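Hi everyone, thanks for making time. Please bring the model up on your screens, and I'll walk you through it.

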Amino acid sequence: MTSACASCPPTAAEDLLELIMRRYEKASTLITSNRPVEDWGKLLGDNAAVAAMLDRLLHHAHVVQFGPRSWRTKGAMELRSAESAG
C-alpha cells in the first residue's frame, strides 16, 4: 500500500510502528499532530500498522486535545483587539 503523504516513504506507517514498539512501556513518547487520529491510516497508507501503533500509544496515554482554533491565531486576534481598544 502506498502512503497518501507526498513526502513520506511508502514504509512510513511500518517505520513509525517499529519506533513506537521499541519505546512501548520503556520510555515516554510525545506526539503532536494537526490531523485527527482517524485520518492517520489514510495519510500513512496502512490502516493495520496505524491501528497497532495507536493501540500501543493510547494504552497508558494522556491525550490533550485543543480546539480547532490555533493558539497563535487566538493570541494575535486578542492582541489586535487590545491595540485597537487602547
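Let me begin with charges: Lys and Arg count as positive and Asp and Glu as negative, while His and the chain ends are not counted. Each charge is placed at NZ of Lys, CZ of Arg, CG of Asp or CD of Glu. On that basis the chain has 10 positive and 10 negative charges, and their mean positions are 6 Å apart.

Now the housekeeping. This is a predicted model, where local features need pLDDT of at least 70, side-chain atom pairs count only at pLDDT 80 or more, and totals for chains, interfaces and linings use all residues. Residues are numbered from 1 along each chain as its sequence is written, and side-chain values use heavy atoms, leaving out hydrogens and water.

On to the fold. The chain has four helices and zero strands, with helices (H or I, at least four residues) and strands (E, at least two) taken as DSSP runs numbered from the N terminus. In sequence order that reads α-α-α-α.

What about overall dimensions? The C-alpha trace spans about 55 × 30 × 15 Å along its principal axes. The radius of gyration is 18 Å, whereas a compact globule of 86 residues would be near 12 Å; this is taken over C-alpha atoms, and the globule rule is 2.2 Å times the number of residues to the power 0.38.

How much of the chain is buried? Of its 86 residues, 17% count as buried, meaning under 20% relative accessible area, with exposed being over 50% and partly exposed in between (1.4 Å probe, protein chains only).

Next, the largest nonpolar core, which has 11 residues, including Leu-17, Trp-40 and Met-53. Helices H1 (12-23), H2 (40-44) and H3 (47-59) each supply at least two of its residues, and H3 gives the most, with five. By nonpolar core I mean a set of buried Ala, Val, Leu, Ile, Met, Phe, Trp, Tyr and Cys residues joined through side-chain atoms within 4.5 Å. As a general point, nonpolar side chains in soluble globular proteins tend to be buried together.

Take a look at Leu-17. Leaving aside neighbours within four places in sequence, Leu-17 is in contact (heavy atoms within 4.5 Å) with Ala-49, Ala-52 and Met-53.

Last stop: Arg-23, in helix H1. Is Arg-23 buried, partly exposed or exposed? Arg-23 counts as partly exposed because its relative accessibility is 30%. Not counting residues up to four places away in sequence, Arg-23 touches Ser-28 and Thr-29. Its C-alpha atom is 13 Å from that of Leu-58, 35 residues apart along the chain.
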